[in-house]
Amino acid sequence: MDLTTETIEMYHDSLNPALAKLFKFMGLDSVEVEAEGMIIKDNQGREYLDCVGGYGSLNFGHRPPEIVAAVKEQLGRMPLASKLLFNRHLAEFTTELKELTPGELQYSFICNSGTEAVEGALKLARLYTGKKEIISTINSFHGKSMGALSATGREQYSKPFAPLVAGFKHIPFGDVDALTVAISEETAAVILEPIQGEGGIVIPPADYLAEVRGICNQQGVLMIVDEIQTGLGRVGSNFAVEAAGVVPDIMTLAKSLGGGVMPVGALIAKPEVWEPFIESPLLHTSTFGGNPLAAVAGKKALEILERDNLALQAKRIGTKLLAELEKLSLKYSDLITEVRGKGLLIGIELVDEGVGGMLISELIDRGLLAVYTLNQPQVIRIEPPLIMSEEEMDRVIGILETALEAVLELKS
Ligand code: PLP
């Protein structure tokens with residue numbers, strides 16, 4: 001049996017047969033073996049341009065050499081922490097986070113995923129305010145553990161697990177009037193993404209974040225901004241809130257925070273909000289959070305983000321890519337309803353989910369990996385590493401055009 005057949009059988013037997021079927025249905029019938037920058041190679045020697053970008057965890061590309069080297073170095077010394085002695089790498093990493101994140105954001109807790117970062121943020125908001133209610137937005141995505149899922153605004157994921165955590169309300173994204181109405185005496189915090197990623201790359205009105213900040217200040221409600229997907233240069237600034245001139249009370253980060261090498265998440269908050277964690281430093285903990293490998297990867301990632309000005313790179317190349325995609329949307333208006341995005345977080349909205357499925361298959365056949373957003377399957381995300389070159393961008397456009405042509409033919 002060849003490697004591919006054997007791997008698919010193993011998926012059937014020990015992971016989930018439905019997952020194996022879904023992958024095959026999308027035309028994915030090979031095994032990935034190595035990757036570098038924007039390119040993934042499979043076991044049959046085929047190469048793919050990666051426009052999925054690990055759902056935003058590969059801002060630095062696959063296998064960024066400096067981050068790999070730093071992690072390898074640490075691997076040879078001490079991979080996991082004693083948890084008792086001081087961890088120098090963790091101290092340097094959180095110092096760097098404090099310096100790079102906007103405004104008074106200062107104290108952070110390092111964990112291992114985005115979901116955990118959101119859990120920590122929600123817990124801290126309740127602890128600091130002594131209130132229970134959290135306002136989130138419809139169509140949002142904040143993760144799938146019980147607390148994070150209670151914030152996530154999609155019933156398809158949350159309903160099967162009811163009752164979830166009590167006290168969550170969901171209001172339309174981008175609607176400040178709805179927020180004003182929803183806030184009550186019992187509201188601890190508002191949690192939102194600056195741009196809804198899994199919701200289908202939904203960009204709110206230009207002054208939305210600033211207005212939410214104003215309302216939160218007025219009402220004494222905390223503002224939690226989930227930058228897990230938008231952060232670290234993705235949307236053309238180090239953090240999306242920076243472009244809006246807003247400083248949240250708590251910010252969550254993950255995905256590319258581990259430099260595409262380690263799983264790393266973080267929540268960072270203003271000192272006043274952190275007070276209860278200072279009073280009880282063991283109230284919220286994690287065995288693996290902030291381990292030396294993760295801390296070294298995170299520290300290096302932040303260093304490269306700043307040194308190479310990846311945010312500017314994302315802005316520059318993202319603007320060109322969006323302009324090219326807009327041309328394609330006019331040419332293929334029978335298939336595409338809209339393209340939208342900021343920096344290198346771009347969505348192509350198709351006329352329906354079926355067209356999306358066909359397009360993904362045609363793209364994979366031509367060596368381009370792209371996938372739909374979790375809450376909106378008719379929106380295909382283009383979320384490549386921020387280090388994508390212009391030549392790679394031209395190849396992405398070329399492949400998209402021939403794939404759209406093929407879908408049009410299939411439909412006729
Ligand atoms: N928050 C946002 C905005 C996300 O996009 C995601 C994942 O897609 C999460 C939270 C959950 O992160 P993770 O999958 O690392 O738990």
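Visitor: Where is V379 found?

Guide: This is a predicted model, and in it V379 sits in strand β15, residues 379-382.

Visitor: Is V379 buried or exposed, and why?

Guide: Buried means under 20% relative accessible area. V379 has 1% relative accessibility, so V379 counts as buried.

Visitor: Which residues is V379 in contact with, leaving aside its neighbours within four places in sequence?

Guide: Among them are G200, I201, R340, I348 and Y372. I201 is 178 residues away along the chain, yet the C-alpha atoms of V379 and I201 are separated by 8.0 Å.

Visitor: R340 is on that list. Which residue does R340 form a salt bridge with?

Guide: With E338, the closest N and O atoms being 2.6 Å apart. R340 counts as buried at 15% relative accessibility, whereas E338 is partly exposed at 37%.

Visitor: How many salt bridges does a search of the whole structure find?

Guide: It finds 24 salt bridges. One of them joins the side chains of E66 and R307 at 2.8 Å, N to O. This pair links distant parts of the chain, with E66 in helix α4 and R307 in helix α13, 241 residues apart. Another salt bridge brings together E401 and K331 at 2.5 Å, N to O. E401 belongs to helix α16 and K331 to helix α14, so that pair ties together parts 70 residues apart in sequence.

Visitor: Now the nonpolar side chains. What is the general idea?

Guide: In soluble globular proteins, nonpolar side chains tend to be buried together. Here the largest nonpolar core has 90 residues, and L97, V212, L257, L321 and L325 have the most contacts inside it. At least three residues of this core come from each of domain 1 (7-63 + 309-411) and domain 2 (78-307).

Visitor: Which residues is L257 in contact with, beyond its neighbours within four places in sequence?

Guide: Its contacts include F93, L97, L232, A297 and L302.

Visitor: How far apart do the C-alpha centres of domain 1 and domain 2 lie?

Guide: They lie 27 Å apart. The contact takes 29 residues from domain 1 and 33 residues from domain 2.

Visitor: Which residues make a nonpolar surface patch?

Guide: L19, L22, F23 and F25 make one of about 380 Å². L19 lies in helix α2, residues 17-25, and is partly exposed, with a relative accessible area of 35%.

Terms used:
Residues are numbered from 1 along each chain as its sequence is written. This is a predicted model: local features need pLDDT of at least 70, side-chain atom pairs count only at pLDDT 80 or more; totals for chains, interfaces and linings use all residues. Side-chain values use heavy atoms; hydrogens and water are left out. A nonpolar core is a set of buried Ala, Val, Leu, Ile, Met, Phe, Trp, Tyr and Cys residues joined through side-chain atoms within 4.5 Å. Buried means under 20% relative accessible area, exposed over 50%, partly exposed in between (1.4 Å probe, protein chains only). Domain bounds come from an automatic or database domain assignment. Contact means heavy atoms within 4.5 Å. Helices (H or I, at least four residues) and strands (E, at least two) are DSSP runs, numbered from the N terminus. Patches are made of residues with over 30% relative accessible area and no salt bridge: like charges are joined within 9 Å, nonpolar side chains (Val, Leu, Ile, Met, Phe, Trp, Tyr) within 5 Å. Accessible areas come from the Shrake-Rupley method with a 1.4 Å probe; for residues, only the protein chains shown count as cover. A salt bridge is a side-chain nitrogen of Lys or Arg within 4 Å of a carboxyl oxygen of Asp or Glu.
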